[in-house]
Amino acid sequence: MTAETAAMLPALMVVLAAALWAIQAVAVQLECVDAARMAARAAARGEPLDQVRAFTQAAMNRNAQVVITRDPELTKVQITVEVRPSWGDSLPAVRVSAAATAATEQ
């Protein structure tokens, strides 16, 4: 019984690591959605776009790419972040993004 367990332990660790990475990516996705909604509301109210972009990047606490467009009718925010597992810097990144739109206030 212990030989089988010892043989399966490395495979179990790989599956566990992949599951933790997936959970981390989903958590960052949810952060992106929340940050995009917040930024779209702030930009739609007329806040300076540079300040909204800086605040959003600080809230994400990552190298987030924040694109904000505002026209007389709609304000759009797109946030993109690359997620790497904290335990595997050599692994490829997963790109996570979210977008939000709000009616521009006048």
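Visitor: At what angle do α1 and α2 pack, and how far apart are their axes?

Guide: α1 and α2 pack at an angle of about 160°, and their axes are 10 Å apart. Here an axis is a line fitted to C-alpha atoms, for helices over the stretch in contact, and angles run from 0 to 180 degrees between N-to-C directions. This is a predicted model, in which local features need pLDDT of at least 70 and side-chain atom pairs count only at pLDDT 80 or more, while totals for chains, interfaces and linings use all residues. Residues are numbered from 1 along each chain as its sequence is written, and side-chain values use heavy atoms, with hydrogens and water left out.

Visitor: Why is α1 called roughly antiparallel to α2?

Guide: Angles under 35 degrees count as roughly parallel, over 145 as roughly antiparallel, 65 to 115 as roughly perpendicular and the rest as oblique. The angle between α1 and α2 is about 160°, so α1 is roughly antiparallel to α2.

Visitor: Which residues make that contact, and what is its make-up by class?

Guide: On the α1 side there are Val28, Glu31, Cys32, Ala35, Met38, Ala39, Ala42 and Ala43, and on the α2 side Leu49, Val52, Phe55, Thr56 and Met60. Contact means heavy atoms within 4.5 Å. By class, this contact has 11 nonpolar, 1 polar and 1 charged residues. Nonpolar covers Ala, Val, Leu, Ile, Met, Phe, Trp, Tyr, Cys and Pro, charged covers Asp, Glu, Lys and Arg, and the others, Gly among them, are polar.

Visitor: How do you know whether Thr56 is buried or exposed?

Guide: Buried means under 20% relative accessible area, exposed over 50%, and partly exposed in between (1.4 Å probe, protein chains only). Thr56 has a relative accessible area of 0%, so Thr56 is buried. Thr56 lies in helix α2. Apart from neighbours within four places in sequence, Thr56 is in contact with Ala35, Met38, Ala39, Val66 and Ile79.

Visitor: What makes the strands a sheet, and in what order do they come?

Guide: The order is β1-β2-β3, with 3 strands forming an open sheet and antiparallel pairing. Two strands pair if DSSP finds at least two bridges between them. β1 and β2 pair over 6 bridges, and 10 bridges join β2 (residues 74-83) to β3. Helices (H or I, at least four residues) and strands (E, at least two) are DSSP runs, numbered from the N terminus.

Visitor: Why do β1 and β3 count as edges?

Guide: β1 (65-70) and β3 (94-103) each have a single partner strand, so one side of each is left without a neighbour in the sheet. On average, neighbouring strands of this sheet are turned by 10° against each other, direction ignored.

Visitor: What makes Thr101 buried or exposed?

Guide: Thr101 has 51% relative accessibility, so Thr101 counts as exposed. Thr101 is found in strand β3, and leaving aside neighbours within four places in sequence, Thr101 is in contact with Ala40, Leu74, Thr75 and Lys76. Between Thr101 and Thr69 there are 9.6 Å in space, C-alpha to C-alpha, and the two are 32 residues apart in sequence.

Visitor: How do you know the class of Asn63 and of Ile23, buried or exposed?

Guide: Asn63 is at 77% relative accessibility and therefore counts as exposed. Asn63 sits in the loop between α2 and β1. Ile23, in helix α1, is at 56% relative accessibility, so Ile23 counts as exposed.
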